[in-house]
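Student: I'd like to learn how to read the sheet and the core of a protein model. Can we go through one together?

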Amino acid sequence: MQLVRAAPGRLEPLAAPVLQPLPWAEARPNFLGRPVYYSDIVVRVGRPWRSLADLRGRSWAYNDPDSHSGYNVVRAALARRGWTDGFFGRVVQSGYHQRSLRMVAAGEVDAAAIDCQVLAVELRDHPELRQRLNIIDALGPSTIQPLVAAGHLPAGLRADLRAALANGYIARLAPVTDADYDDIRAMLADVERAGFMILR
């Protein structure tokens, strides 16, 4: 989003994944055949929290301040509820989703928001984490990250790429345009209107 905002026309969204139903989806709505994803809020097994609202005053890990799934969608959810007054007790930058997961599993922080596709792959590849984590809530949906092409590529090549792309844990690819990401722009606008630029 930031690159498109700073340099319109440099990238063209080609297609976005429509995810297959993912395992461990008890707190997450269905994708409804659309190119969307959720940010799953995870806590350590045995903790009493059941939703984002229960996490006031708790510690929180996020991957990166430029991340939509781990940072912006959280700020947007808090801003839309008017909770911009220092909702979390402590906020820690982990550097990446996998680190945030392990911080929650180890009890170093209370919760984190994780891209649901990243979470599904991580829990599949590291089943021991599944015994230590609960998904308690989901933020979104947000239009999923697109596969993009440089804006200067010939239109025919961009169309060929759009038709040829495929990936795993993905049911299909759906054509997208820049306008499909207005949902994320709206979340960012809510955050900016609230002056809530730093997660706290």
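Student: Which residue in S5 does Ala 61 stand opposite?

Tutor: Keep in mind that this is a predicted model. Strands of a sheet pair through backbone hydrogen bonds, either parallel or antiparallel. Here, the residue opposite Ala 61 is Ala 112 in S5. As for S3 and S5, they run parallel and are joined by two bridges.

Student: In what order do the five strands of the open sheet come?

Tutor: Read across it as S4-S3-S5-S2-S6, with mixed pairing. On average, neighbouring strands are turned by 25° against each other, if you ignore direction.

Student: Why is one side of S4 and of S6 left without a neighbour in the sheet?

Tutor: S4 (90-93) and S6 are at the edges and have a single partner strand each, so one side of each has no neighbour there.

Student: Which strands does H2 lie across?

Tutor: H2 lies across S2, S3, S5 and S6, and runs at about 80° to S6.

Student: And which residues touch the most other members of the largest nonpolar core?

Tutor: That core has 24 residues, and the ones you want are Leu 52, Leu 55, Trp 60, Val 74, Phe 88 and Leu 199. H2 gives the largest share, seven residues. Another core, of 17 residues, lies apart from it and includes Tyr 37 and Ile 144.

Student: Is Tyr 181 buried or exposed?

Tutor: Buried means under 20% relative accessible area. Tyr 181 has 3%, so it counts as buried. You'll find Tyr 181 in the loop between S8 (170-175) and H7. Its side chain reaches the backbone oxygen of Ile 144 at 2.6 Å.

Methods:
Residues numbered from 1 in each chain as written. Predicted model: local features only at pLDDT ≥ 70, side-chain atom pairs only at ≥ 80, totals over all residues. Heavy atoms only, no water. Core = buried A, V, L, I, M, F, W, Y, C linked by side-chain atoms within 4.5 Å. Buried < 20%, exposed > 50% of the residue type's maximum accessible area, 1.4 Å probe, protein only. Helix = DSSP H or I, 4+ residues; strand = E, 2+ residues; numbered from the N terminus. Polar contact = N/O pair within 3.5 Å; in protein donor to acceptor, adjacent residues only side chain to side chain. Pairing = 2+ DSSP bridges. Axes fitted to C-alpha atoms, helices over the stretch in contact; angles between N-to-C directions. Contact = heavy atoms within 4.5 Å.
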